[in-house]
Amino acid sequence: MDRRVAVVGYAQTEHRPRIDSSREMMVYRVTRELLDSAGVTKDRVDTVVSAQNDFLEGRTISNMRTVGPLAAFMKEETKVEMDGAYAALYAYARVRSGLHDVALVAGESMASCYPAYLPAVWALDPTFDRPNGFLNELSAGALQARSYMERYGVSEEQVAGVSVKNLGSAAGNPKACRSIPGIDLAAVMGSRALYSPLRELNCYPLTDGACALLLAEEKTALEMTDRPVWIQGVGSSSDTYYLGERNLSGCDSLAAAADAAYRMAGISDPRAEIDVAEVHESFSHEELIFYEALGLCGEGEGAGLLESGATSPDGDLPVNPSGGALGANPLCATGLIRIVESAMQIRGDAGDHQVPGEVATALAQGQNGLCAQQNVVFILRGQR
Amino acid sequence: MTDLENVRELGIDIDATYSWSVGASMERFVRGLADRRLLGARCPKCSRVLVPPRKVCERCFVETDEWVEVGPGGTVVSFTVGEVELDGKAGGFKDLDVPVVTGLIKPDGADTAFVHVIGEADPREVACSMRVEAVWADEAGGALSDLRYFKPL
């Protein structure tokens, strides 16, 4: 049995520092837009998997209140407390297994409604890291940045090049939360120093937003759209929680996730075979680490790949033409946005940030946990 | 008088006190700090010494069975100079008058590093591979804070 599964529709809110709406209406609107744009009624949806987080929502079992807004009334429905790419992974498994034919996936959060950065503090080991009080999301990202830069002799300016590329690219993406047209290196290097070597423009912006995706098995997909985007490979892996036990100058769990996804999709040379990648870089240095973990270049060659222009929007392997997570990072939606942006590039639907040339194969990454502890990779292909 | 400006939004505090069992390994680790000793746990299978100690080695999925004293010297694996701290509000930072150096420190004899503060140091001179040493509280309080920070050697 080999059931193919396709992306048949998607929708995103505009991602903003503050969306002036209730959370329920934000979720309803993105779900409504998803179904309307796919030309599908809610009765066609068999199962709903969302990504949302009790701490971010300030309530326990936060999906109790989103059954309605997610079009899940009296349907099978569940959620993951992780990045939205995990919700997509589980929805994919449900469809691929034959249990369901059509799955709706959504991820959302509103940074404007909780004390930002504190959720990660509350994720820390309560017996050591948290009571010590030395660690948070940004200082952890800084330790990761320093590990990588030290090991491979990468400069702050080289890392800042990622912010220049992504925040510049975000100017072509009307959904992006933060874009800086014409941004240069000096702007990044002159932004507020937070935790060395991280400055404000090395770090993701606090974002409100939601994203939704519709998956269907092959026969249903071909009924629903003449432009399905096939999920050809998936992979996922989790590293240890403990930063001091991890290889922070690389990302071993992403490498393992990518290996699994490449194997499934029959990809042997990712650098040559992938046309566009959307990665989940919470910080600029992570994009360089991810190039290497994804096998797009060798170890320590991330900055060189960036500087060659290959990963620029007009390069031969554009990475984050949408602006990536530096452009918008609504937690629990960000990885799902990577999948949606990849599908948009394959369909030629990306508007001002559509890359030149045909996009046959795209890679999307979601991640979760301090310093990208947990990773998931999707390989998507256009119709063939 | 009704404040109609505030009808749009509700501010709600969630106040909940949890009571965690720290586990036998961490309990012994903290008791060790009171004696100015840094204790790690050795995995019987891969022989790695884990600090802070863990009862189970994740890689081998077996229980650790041996206590090993590590440090008090150690090596800086990575570090960051914090110019700010979180202010606990929505996305805000407070500028620090004195920057705080946080490091990943690998105690001598351990196979893992942990996050702690590097004190008595000029932030401009802290570097990876720098040698440091534990600084203890004058009087043991039976808490993590008995290990105050690490200072450059």
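Figure 1. F29(B) is buried, at a relative accessible area of 0%. The model shown here and in the other views is predicted. Across all chains, the structure contains eleven aromatic pairs. In one of them, the ring centres of F128(A) and F29(B) are 6.0 Å apart and the ring planes meet at 70°, so the pair is edge-to-face. F29(B) belongs to helix α1 (residues 23-34) of chain B, while F128(A) lies in the loop between α4 (118-121) and α5 (129-132) of chain A, so the pair joins two chains. F128(A) is also buried, with a relative accessible area of 3%.

**Figure 2. An aromatic cluster and two charges over rings.** One aromatic cluster is made up of Y117(A), Y204(A), F283(A) and F93(B). The charged end of R146(A) sits over the ring of F79(B), at 4.3 Å from the ring centre. For R4(A), the charged end sits over the ring of W230(A), and the distance to the ring centre is 3.9 Å.

**Figure 3. Helix α7 of chain A and its cover.** Helix α7(A) spans residues 156-169 and has 14 residues. From its first C-alpha to its last it reaches 20 Å, close to the 20 Å expected at 1.5 Å a residue. Buried residues of α7(A) include V159(A), A160(A), G161(A), V162(A) and S163(A). K165(A), N166(A), L167(A) and S169(A) are buried in this helix as well. Among the elements of chain A that cover the buried residues of α7(A) are α6 (137-152), α8 (185-189), α12 (284-293), α13 (302-307) and α14 (324-327).

**Figure 4. The buried face of helix α10 of chain A.** Helix α10(A), residues 252-265, has 14 residues and reaches 20 Å between its first and last C-alpha, close to the 20 Å expected at 1.5 Å a residue. Its buried residues are S253(A), L254(A), A257(A), A258(A), A261(A), Y262(A) and A265(A). Viewed down the axis of α10(A), these residues fall within an arc of 165°, so they line one face of the helix. They pack against β8 (229-238), α11 (270-273), α12, β10 (361-368) and β11 (374-381) of chain A. After the helix comes G266(A), with a positive phi near 70°.

Figure 5. Leaving aside residues up to four places away in sequence, L288(A) touches Y148(A), V154(A), Q158(A), V159(A), V162(A), G302(A), A303(A) and L306(A).

Figure 6. Most residues other than glycine have a negative phi, and most peptide bonds are trans. S196(A) and P197(A) are joined by a cis peptide bond with omega about 0°. P197(A) is placed in the loop between β5 (193-195) and β6 (198-199) of chain A. The bond from G71(B) to P72(B) is cis too, with omega near 0°, and P72(B) is in the loop between β5 (66-70) and β6 (73-86) of chain B. R36(B) has a positive phi, near 60°; its place is the loop between α1 and β1 (38-42) of chain B. At 44% relative accessibility, R36(B) is partly exposed. S129(B), in the loop between β8 (114-118) and β9 (131-136) of chain B, has a positive phi near 75°. The relative accessible area of S129(B) is 57%, and this residue is exposed.

Technical notes: Residues are numbered from 1 along each chain as its sequence is written. Chains are lettered from A and ligands numbered from 1 in the order in which they are written. This is a predicted model: local features need pLDDT of at least 70, side-chain atom pairs count only at pLDDT 80 or more; totals for chains, interfaces and linings use all residues. Side-chain values use heavy atoms; hydrogens and water are left out. Rings of Phe, Tyr and Trp (its six-membered ring) pair if their centres lie within 6.5 Å; planes under 30 degrees apart count as stacked, over 60 as edge-to-face and the rest as tilted. Helices (H or I, at least four residues) and strands (E, at least two) are DSSP runs, numbered from the N terminus. Buried means under 20% relative accessible area, exposed over 50%, partly exposed in between (1.4 Å probe, protein chains only). A charge sits over a ring if NZ of Lys or CZ of Arg is within 6 Å of the ring centre and within 35 degrees of the ring normal. The expected span of a helix is 1.5 Å times one less than its number of residues. Contact means heavy atoms within 4.5 Å. The arc is that of the directions from the helix axis to the C-beta atoms.
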